[in-house]
Structure formats: C-alpha cells, structure tokens
Amino acid sequence: MRPAGPPIPIRVLHVHSEPPAGLPVVELPMTAHDRRRVRRLVEAPDGVVLALELPTGTILHPGQLLHHDAEAAYVVSAADEEVLVVRPRDIAEAARVAHLIGNMHRDIHVDGRAIIALADDTLAGQIAKTGVPFERTRRAFYGRAPGEHSH
C-alpha cells in the first residue's frame, strides 16, 4: 500500500497508450455504468486516489490506461456485475436473442458461443419466453452501459 497523497487529477486520456514495460499494473475495476462516470474520485487497490475530471461524454474502456508514475500504471478493468449469459444452440437462436436484446436497447458482449448482457428482470423474462438456455450470474461485463448506443 502506497502512502496516501492528494488525489491525482486525470483530465486527458491518451488514446492507444500502453502501460510502460516492466511497470506493475494496478487494475481499477469499474462496472459498465461506472465507466461512463468520468467526474469522480476513484480509489485504486493500492490506496492511490485518482480524481477523474474528464470531459462530459467520455467513456472509459477496459484496458485503458488512466495514469502511470514511477511506481505503477493504473488501468481500467471490467468489474463483476450481474449478467445474463445466454447460450444459443444454433445460429438461428443466436440471431433471435441478439435481435430481442437489441430491440430492448441493451448492449451485448459475445464470449465464444455465449451472449452476455447486463441482467434485469424484464430482459430475463423475454429471453425465457424464447426457450433459449441462459443463466443469471456475476462476471465481468465488457459491453456498454444502457443508454450508450447509437443507431
């Protein structure tokens, strides 16, 4: 644990920045919703506090470097959150489920043969009606938060 100091202001994101080689990486787990909250204090697991002061509309992404100093690199990671993991048995089921989720303006993340969406009762009920197997569980969600979509 590093000694506590004043919050480190983060006002600019460097696109495509990689943590410097050999520097320990400190992951900052954030939910899909939290990755949209870019004006707040974030305490890293090592005790360092980052003061996010990013422009409105900025969206953070897992793997994104927020800050580095001589001791560590601070990188956004996807936090565990409640999700629905849908396991379509064929391409037709996958297409129906993806269409259903899209019509409800929810984002997905595809992991192998699984379609993952943030969990809510309405979405779970609609997927259950399709007969496609799914489970409600906690795991990292790499998609976008509700409301973060475009047509």
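Colleague: Which side chain does Asp46 make a polar contact with, and at what distance?
Modeller: In this predicted model, the side chains of Asp46 and Tyr74 are joined by a polar contact of 2.7 Å.

Colleague: What backbone atom does the Asp46 side chain reach?
Modeller: The backbone nitrogen of Val48, at 3.1 Å.

Colleague: Where does Asp46 lie, and is Asp46 buried or exposed?
Modeller: Asp46 lies in the loop between β3 (39–43) and β4 (49–53). Asp46 has a relative accessible area of 13%, so Asp46 is buried; the cut-off for that is under 20%.

Colleague: Switching to Ala78. Which strand is that in?
Modeller: Ala78 lies in β6, residues 73–78. Ala78 counts as buried because its relative accessibility is 14%.

Colleague: What does Ala78 touch, leaving out residues up to four places away in sequence?
Modeller: Met30, Arg35, Pro62, Ala140, Phe141 and Tyr142.

Colleague: How far is Ala78 from Met30, in sequence and in space?
Modeller: They are 48 residues apart in sequence, and 5.3 Å apart in space from C-alpha to C-alpha.

Colleague: Now the helices. At what angle do α1 and α2 cross?
Modeller: Roughly 155 degrees, with the axes of α1 (residues 91–103) and α2 (residues 121–130) coming within 11 Å. That crossing angle makes α1 roughly antiparallel to α2, because angles over 145 degrees count as such.

Colleague: Is the crossing left-handed or right-handed?
Modeller: The crossing of α1 and α2 is right-handed.

Colleague: Which residues make the contact?
Modeller: On α1, Val97, Leu100 and Ile101; on α2, Leu123, Gln126, Ile127 and Thr130.

Colleague: How many of those are nonpolar, polar or charged?
Modeller: The α1 and α2 contact has 5 nonpolar residues, 2 polar and no charged.

Methods
Residues numbered from 1 in each chain as written. Predicted model: local features only at pLDDT ≥ 70, side-chain atom pairs only at ≥ 80, totals over all residues. Heavy atoms only, no water. Axes fitted to C-alpha atoms, helices over the stretch in contact; angles between N-to-C directions. Helix = DSSP H or I, 4+ residues; strand = E, 2+ residues; numbered from the N terminus. Parallel < 35°, antiparallel > 145°, perpendicular 65-115°, else oblique. Left-handed = near helix turned anticlockwise from the far one by under 90°. Contact = heavy atoms within 4.5 Å. Nonpolar A, V, L, I, M, F, W, Y, C, P; charged D, E, K, R; others polar. Buried < 20%, exposed > 50% of the residue type's maximum accessible area, 1.4 Å probe, protein only. Polar contact = N/O pair within 3.5 Å; in protein donor to acceptor, adjacent residues only side chain to side chain.
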